[in-house]
Amino acid sequence: MAIAAGEFFAGCDQSVESNCLADEKPGGPRRLEAFAIDRTEVTVEAYRDCVDAGDCSPSSSEAGCNASQAGRDRHPINCVDWDQAVAYCAWRGARLPSEWEWERAARGPDGRLNPWGNEPADCTRAVIDEGSGNACGKGDTTVEVGSRPAGASAEGALDLIGNVWEWTASSRPGRLARIVRGGGYYGTPDQARASFLLRFKPDGQGAYVGFRCAR
């Protein structure tokens, strides 16, 4: 999805948000150059093509890892660390988005709180836990990418909120150095918003973390 150059509101909008964490503050305008971002999270099927080509290493096969389970070709690849995500995007001639590019894709040019607007996340728009249990009651699992078209961003990207957290190219000091965005299938509505972020270990291979690429 093409994202035009311009300014957008990044971080906590304290005029409408009361539960922001320290990493989201201060909010304010930020300018980015034009870029493009994948419409969906990278799938198991797409990542397997890179493994078969010899340019990517296999994801972990621990419990909850999609590549080791039948029938999940259209689920997001998970259980990959930051280096594996970088390698896949490079194989495609792409890269990981910065956390600000990711946030711009999620918030649109008008600074909305979520890809679809200012309404809170629910299971019509995102794969989260809104009270019915993980993955909208489906359990400790992802679902196929693009399953919530009502959650599309201003430019048409899907699953920017929910399903899996997404690696970005950005980092912060410390052991938990890499920034992930978007929430996961176990996230609650208060976490499922475009400015929310977590810090993960770059060598982590959680079942709740995947990625998409940018250019």
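## Disulfides

The structure holds 5 disulfides, a disulfide being a pair of cysteine sulfur atoms within 2.5 Å. This is a predicted model, in which local features need pLDDT of at least 70 and side-chain atom pairs count only at pLDDT 80 or more, while totals for chains, interfaces and linings use all residues. Residues are numbered from 1 along each chain as its sequence is written, and side-chain values use heavy atoms, with hydrogens and water left out. With the bonded cysteines numbered in sequence order, the pairing reads 1-2, 3-4, 5-6, 7-10, 8-9.

Cys12 is bonded to Cys20 with an S to S distance of 2.2 Å. The torsion about their S-S bond is about 85°, so this disulfide is right-handed. Cys12 is buried at a relative accessible area of 3% (buried means under 20% relative accessible area, exposed over 50%, and partly exposed in between, with a 1.4 Å probe and protein chains only). Cys20 counts as buried too, at 10%. Cys50 and Cys56 are joined at 2.0 Å, S to S; their link is right-handed, with 75° about the S-S bond, and both cysteines are buried.

The disulfide of Cys65 and Cys79 has its sulfurs 2.1 Å apart. Here the link is left-handed, with -95° about the S-S bond. Both cysteines lie in the loop between helix H1 (44-52) and helix H2 (82-91), so the pair ties together parts that are 14 residues apart in sequence. Helices (H or I, at least four residues) and strands (E, at least two) are DSSP runs, numbered from the N terminus. Cys65 is buried at 1% relative accessibility, and Cys79 is buried with a relative accessible area of 1%.

## Strands and sheet

Strand S2 (residues 6-10) has a covered face made of Gly6, Phe8 and Ala10, and an uncovered face with Glu7 and Phe9. In a regular strand the side chains alternate between the two faces of the sheet. S2 pairs with strand S3 (residues 28-32) in the antiparallel sense over 5 bridges, where pairing requires that DSSP finds at least two bridges between the strands. Within this pair, Glu7 has Arg31 as its bridge partner.

Elsewhere, 4 strands form an open sheet of mixed pairing, in the order S7-S6-S5-S8. Its edge strands are S7 (197-200) and S8 (209-210), each pairing on one side only. Strand S5 (residues 165-171) and strand S6 (residues 178-181) are antiparallel over 3 bridges, and Glu166 stands opposite Arg181 in S6.

## Salt bridges

How many salt bridges does the structure hold? There are 14, each a side-chain nitrogen of Lys or Arg within 4 Å of a carboxyl oxygen of Asp or Glu. Asp23 and Arg199 form one of them, with the closest N and O atoms 2.9 Å apart. This pair links distant parts of the chain, with Asp23 in the loop between S2 and S3 and Arg199 in strand S7, 176 residues apart. Asp23 is partly exposed at 30%, and Arg199 is partly exposed at 30%.

Glu99 meets Arg181 in a salt bridge with its closest N and O atoms 2.8 Å apart. Glu99 lies in helix H3 and Arg181 in strand S6, so the pair ties together parts that are 82 residues apart in sequence. Glu99 is buried at 2%, and Arg181 is buried at 0%. Salt bridges that share partners join Asp23, Glu99, Glu103, Arg107, Arg172, Arg181 and Arg199 into one network.
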